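Take a look at it, then read on for the contacts inside it.

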Amino acid sequence: MKRLDGGAVHGSTRPWWTDEAPLDGAAPALGEHIESDVAIVGGGFTGLWTAHSILERQPGTRVVIVEALRCGEGASARNGGFLHGYWSSLGRLVDLLGPAGALELARSGDGMFAAVRALGEDVWLRESGMLMVATCPAHHPAVHRAVQVAEQLGVPEQAVLLPPEELPVRSPVFGAAVRWRDGATVQPARLVRALRRAVLAAGAEIYEHTPALGLDPGRVVTARGAVRAEEIVLATNAAAADWPAARRMTVFRSAIVLTEPVPDLADRVGWGDGVAVIDGRTYLDYFRPTNDGRVLMGSASGETARAEHALRTLFPALRDIAVSHRWEGAIDVSSDRFPFVATVPGTRVHYGAGFTGNGVGPTWLAGRLLASLALGETASSPLVSRKPALLPPEPLRSLGARLVRAALLAIDDAECRGKRPPVAARAVARLPEFVGLRVASR
């Protein structure tokens, strides 16, 4: 029997999102052996969008979801709520898939905003695009390349260069920026709640507080029961350490701080359109306002101290505003920083993983692809059956990840201080390239 073991958790993982939008009443735990057409392990965005797509295409399909905690208590409600596809990744996609493949993947996410709107609930959807701002000279090449690649591919409207004076949000350290049309923000706990309600209304069965302990052929085994199904979908992402995708991804962490409401936010920094923003660091900072006037600052470094430092550095006008909430969470990072969807050879077990901290939007696409696989349809996408490079086995994988992370952070910090990055850090940061891995965001 294949074991499914959850990953370790460090620090506070309680997000403010679930305080603002408490989850609905808990579904029962599974306490018996049942039959289904499709069994889905994991009740976050990936599992819920998969169920939603299956039932939209084939109403009456018996879909069972087993969730170890509550739907949305994992990464799906701990993130920053950035909703976007892959138009912002065209440069890296061209390197990976070529021009045609890059455009195909970017265009395949164009329906996600409509899908969210179709849920019919207020999930704080703000379709204002997304900015990448240069906060030091080292970031300018990435900004300009994003614009150039879009022009070269014939889609210049997708990535527009903005000078500092035209930015909708003000900071003394912001230089030029690229504005991607493909970008929005949501309240992720509200989105999970809306999705959960939608799939229940469509006929799915959800069992919460029901960890999947393992897989037998055609069966998901839980502590007090099992689900027998011809089709099984694994949608656990960073929470599973021993399953088919494990060698193609590793687990990193992302950290978030959230301020008290800022009634005069517009006077202090602008931001009236609520646009989502990232900076040009390798371990990027990401930030957005909420509908009630708070400011969220996230750091891909996984350290809340770094997130708060970024908040105070990028927005000195907010230095008197207290941080009210801090949390962190695990993210599944694939070896080339893009997700992959596949079927375990010789089985009817399907999985999607490797969302690399960008899963709020791409899980909609992955859910559609996983639904196609579970329904026996053709799933056409560059994400399907991709084979990102294998990572080293443990403990080398974790040791290498820590070393490379430390090197990249040292490079980021030196660049933002206007200094040349340490030679040793630059050497360590390049080591993954020699085994075909892409761990940096730029």
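## A cluster of tryptophans

Start with W16, W17, W124 and W327, which together make up one aromatic cluster. Keep in mind that this is a predicted model.

Across the whole structure, a search turns up 12 aromatic pairs. One of them is W17 with W327, an edge-to-face pair at 6.5 Å centre to centre, with 70° between the planes. W17 sits in helix 1 (residues 16–20) and W327 in strand 17 (residues 323–334), so this contact ties together parts that are 310 residues apart in sequence.

F174 and F287 make an aromatic pair of the stacked kind, with 6.1 Å centre to centre and 25° between the planes. This pair also links distant parts of the chain: F174 is in the loop between strand 6 (159–162) and strand 7, while F287 is in strand 15 (residues 285–289), 113 residues apart. Both F174 and F287 are buried.

## Salt bridges across the chain

How many salt bridges does a search of the whole structure find? The count is 24. Take R62 and E205, whose side chains meet at 2.5 Å, N to O. R62 is in the loop between helix 2 (45–57) and strand 3 (63–66), and E205 is in strand 9 (residues 205–207), so to speak a link between distant parts of the chain, 143 residues apart. Both ends are partly exposed: R62 has a relative accessible area of 32%, and E205 has 21%.

Next up, R179 and D273 form a salt bridge at 2.8 Å, N to O. R179 belongs to strand 7 (residues 177–180) and D273 to the loop between helix 7 (265–269) and strand 14 (276–279), so the pair ties together parts that are 94 residues apart in sequence. R179 counts as partly exposed at 22% relative accessibility, and so does D273 at 24%.

Then there's E231 with R348, a salt bridge at 3.1 Å, N to O. Here strand 12 (residues 226–234) supplies E231, and the loop between strand 18 (340–343) and strand 19 (349–353) supplies R348, so parts that are 117 residues apart in sequence get tied together. E231 is buried, with a relative accessible area of 11%, whereas R348 is partly exposed at 38%.

## A hairpin

Strand 10 (residues 212–216) and strand 11 (residues 219–222) run antiparallel, joined by 4 bridges. D216 stands opposite R219 in strand 11. The two strands form a hairpin with 2 residues between them, and G218 in the turn has a positive phi of about 70°.

How many disulfides does the structure hold? The answer is 0. Why don't C136 and C416 bond? The sulfur of C136 has its closest cysteine sulfur in C416, 3.6 Å away, which is too far for a bond, because a disulfide needs the two sulfur atoms within 2.5 Å.

How values were computed. Residues numbered from 1 in each chain as written. Predicted model: local features only at pLDDT ≥ 70, side-chain atom pairs only at ≥ 80, totals over all residues. Heavy atoms only, no water. Pairing = 2+ DSSP bridges. Salt bridge = Lys/Arg side-chain N within 4 Å of Asp/Glu carboxyl O. Buried < 20%, exposed > 50% of the residue type's maximum accessible area, 1.4 Å probe, protein only. Phe/Tyr/Trp six-rings, centres within 6.5 Å; stacked < 30°, edge-to-face > 60°.
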